[in-house]
Amino acid sequence: MAAAVEVKGRVTFDGLIERLQEILEEDGDVADIDAIKEAMDSYTSTEADWEKFVHWDDHTYTRNLVCNGNGKYNLMLLCWNLGQHSSIHAHAGSHCFMKCLDGALHEELYDMPETDEPCGKMDPCKVSPLETNGTCYISDEVGLHRISNQSHTVPAISLHLYSPPYETCKSYCELSGEARCSAKMTFYSKEGVKVPTLEQ
């Protein structure tokens with residue numbers, strides 16, 4: 001049975017996935033940024049839609065693969081426990097679209113350094129809250145960012161699309177500005193099933 005694209009006029013999570021697949025198949029090697037943003041905005045978060053992809057870890061945020069778009073993109077759910085945050089990082093030439101599904105997150109935006117060498121303490125040029133159902137976009141042309149759940153009482157969940165997918169990216173030391181290559185991106189779960197620890 002085909003997944004429902006709309007229920008009582010509401011775009012479903014399956015409908016969002018289907019629309020994203022359509023856009024990225026139509027676009028060839030170039031992501032239609034406005035169309036993807038519009039698709040992400042069209043979905044109103046409903047926990048029952050995505051709860052099977054939710055997996056938590058007490059020590060770090062988790063990446064949970066929802067859909068591997070035939071090597072053209074990755075769609076994943078990130079689960080941010082209390083006080084958890086990413087590093088300051090780039091996106092290896094990829095387009096990154098993000099939607100907060102539950103809770104609230106903060107995005108710190110940084111200018112892209114001119115060098116990978118130490119250049120002193122990094123300060124954000126912009127800090128933006130991302131509330132439930134809010135969306136944002138970043139690429140290396142926009143800059144670097146760091147995402148955090150600043151709440152100590154409420155966890156947060158976000159949906160991320162990366163096109164094209166990438167395995168590693170540059171992360172930056174906040175105090176020195178020095179860049180390093182991140183470890184290979186791994187998934188805590190794939191399509192709702194937890195990945196064995198040795199494969200993470």
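User: Which residues lie nearest the centre of the largest pocket, and how many line it?

Analyst: The lining holds 28 residues, and Tyr 61, Arg 63, Ser 87, Ser 182 and Met 185 lie nearest the centre. Please keep in mind that this is a predicted model, where local features need pLDDT of at least 70, side-chain atom pairs count only at pLDDT 80 or more, and totals for chains, interfaces and linings use all residues. Residues are numbered from 1 along each chain as its sequence is written, and side-chain values use heavy atoms, with hydrogens and water left out.

User: What makes a set of points a pocket, and what makes a residue part of the lining?

Analyst: On a 1 Å grid over the protein atoms alone, a pocket is an open set with protein on both sides within 12 Å along at least five of seven lines; a lining residue has an atom within 4 Å of a point. The largest pocket has a volume of about 550 Å³, a volume being the space filled by probe spheres set on the points, which are joined across faces, edges and corners.

User: Why is Ser 128 called buried?

Analyst: Its relative accessible area is 19%, and buried means under 20%, exposed over 50%, and partly exposed in between (1.4 Å probe, protein chains only). Ser 128 is therefore buried. Ser 128 lies in strand 8, residues 126-131 (strands are DSSP runs of E, at least two residues, numbered from the N terminus). Ser 128 touches Leu 105, His 106 and Glu 107, leaving aside residues up to four places away in sequence; contact means heavy atoms within 4.5 Å.

User: How do you know that Lys 170 and Asp 116 form a salt bridge?

Analyst: The term asks for a side-chain nitrogen of Lys or Arg within 4 Å of a carboxyl oxygen of Asp or Glu. For Lys 170 and Asp 116 the N to O distance is 2.8 Å, so the pair qualifies. The two residues are 54 residues apart, with Lys 170 in strand 12 and Asp 116 in the loop between strand 7 and strand 8.

User: What makes Lys 170 partly exposed?

Analyst: Its relative accessibility is 37%, so Lys 170 counts as partly exposed.

User: Why does the pair of Glu 174 and Arg 146 tie together separate parts of the sequence?

Analyst: Glu 174 lies in the loop between strand 12 and strand 13, and Arg 146 in strand 10, so the pair joins parts that are 28 residues apart. Their salt bridge has an N to O distance of 3.2 Å. Arg 146 is buried at 11%, whereas Glu 174 is partly exposed at 29%.

Methods
On a 1 Å grid over the protein atoms alone, a cavity is a set of points where a 1.4 Å probe fits but cannot get out, and a pocket is an open set with protein on both sides within 12 Å along at least five of seven lines; lining residues have an atom within 4 Å of a point. Helices (H or I, at least four residues) and strands (E, at least two) are DSSP runs, numbered from the N terminus.
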